[in-house]
Amino acid sequence: MRHQVTIGVFAIIFDDDKRVLLCHRRDYDLWNLPGGGLEKDESPWAGAIREVKEETGLDVEVIRLAGVYSKPEKDEIIFSFICTVVSGKITLSDESDRVEYFEVDKIPSNTVPKQVERIIDAIANPEETILKIQIGPSAIDLVKEGKL
């Protein structure tokens, strides 16, 4: 039997003031980077562009690959891309009820911890691609346990 792995694609978008764009989920009280699952016949970078458009209304272009993260406990691989806005305006979606830019030191406490780690990695390593294993409970598990 083949090993099945889920692929996630996320965009890290900074504005001119170095604030990062986050989306507030409708299904859980969580902030996260715009992104989601890769679709069939889609490249990871095209998936990130599509997810940003769906969740924020913004059109972006990919600047570079910021990191590849393995979540072995969940059989997931995550691609994080640095993106820049090229057009559009922020609009809400059936996935996001708020979309806002935040100063990095003022990211809400209910932001997905593994995604905060990816943002910090991108800032700390602006010229390199991070390869990292991320372990531990998911943000949804932390919410259900009352820890986030």
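Which residue in β4 is the bridge partner of F10? In this predicted model, the bridge partner of F10 in β4 is G35, and F10 also has R118 lying over its face, at 5.8 Å from the ring centre.

**Strand β1 and its partners**

- Strand β1, which comprises residues 6-13, is mostly covered, with 6 of its 8 residues buried.
- With strand β6 (residues 76-88), β1 pairs in the parallel sense over 8 bridges, and within this pairing T6 has E76 of β6 as its bridge partner.
- With strand β4 (residues 35-37), β1 runs antiparallel and is joined by 3 bridges, one of them being the bridge between F10 and G35.

**The open sheet of three strands**

- Strands β3, β2 and β7 form an open sheet in the order β3-β2-β7, with antiparallel pairing.
- The edge strands of this sheet are β3 and β7, each of which pairs on one side only.
- Between β2 and β7 the antiparallel pairing extends over 6 bridges, and H24 has R98 of β7 as its bridge partner.

**Aromatic pairs**

- The structure holds 2 aromatic pairs.
- In one of these, the ring centres of W31 and F102 are 4.9 Å apart and the ring planes stand at 80°, so the pair is edge-to-face, the angle being over the cut-off of 60 degrees.

**Helix α1**

- Helix α1 covers residues 44-56, and its 13 residues should span 18 Å at 1.5 Å a residue, which agrees with the 18 Å between its end C-alpha atoms.
- Its buried residues are P44, G47, A48, R50, E51, V52, E55 and T56, a list that includes the charged residues R50 and E51.
- Just after α1, G57 takes a positive phi of about 85°.

**Helix α2 and the position of R118**

- Helix α2 covers residues 113-124, and its 12 residues should span 16 Å at 1.5 Å a residue, in agreement with the 16 Å between its end C-alpha atoms.
- The residues K114, Q115, R118, I119, D121 and A122 of α2 are buried, and they cover an arc of only 160° around the axis, which puts them on the same side of α2.
- The buried residues of α2 pack against β1, β2 (20-25), β3, β5 (58-71), β6 and β8 (130-133).
- R118, one of the buried residues of α2, lies over the face of F10, and its charged end also sits over the ring of Y69, 5.4 Å from the centre of that ring.

Terms used:
Residues are numbered from 1 along each chain as its sequence is written. This is a predicted model: local features need pLDDT of at least 70, side-chain atom pairs count only at pLDDT 80 or more; totals for chains, interfaces and linings use all residues. Side-chain values use heavy atoms; hydrogens and water are left out. Rings of Phe, Tyr and Trp (its six-membered ring) pair if their centres lie within 6.5 Å; planes under 30 degrees apart count as stacked, over 60 as edge-to-face and the rest as tilted. A charge sits over a ring if NZ of Lys or CZ of Arg is within 6 Å of the ring centre and within 35 degrees of the ring normal. Buried means under 20% relative accessible area, exposed over 50%, partly exposed in between (1.4 Å probe, protein chains only). Helices (H or I, at least four residues) and strands (E, at least two) are DSSP runs, numbered from the N terminus. Two strands pair if DSSP finds at least two bridges between them. The expected span of a helix is 1.5 Å times one less than its number of residues. The arc is that of the directions from the helix axis to the C-beta atoms. Contact means heavy atoms within 4.5 Å.
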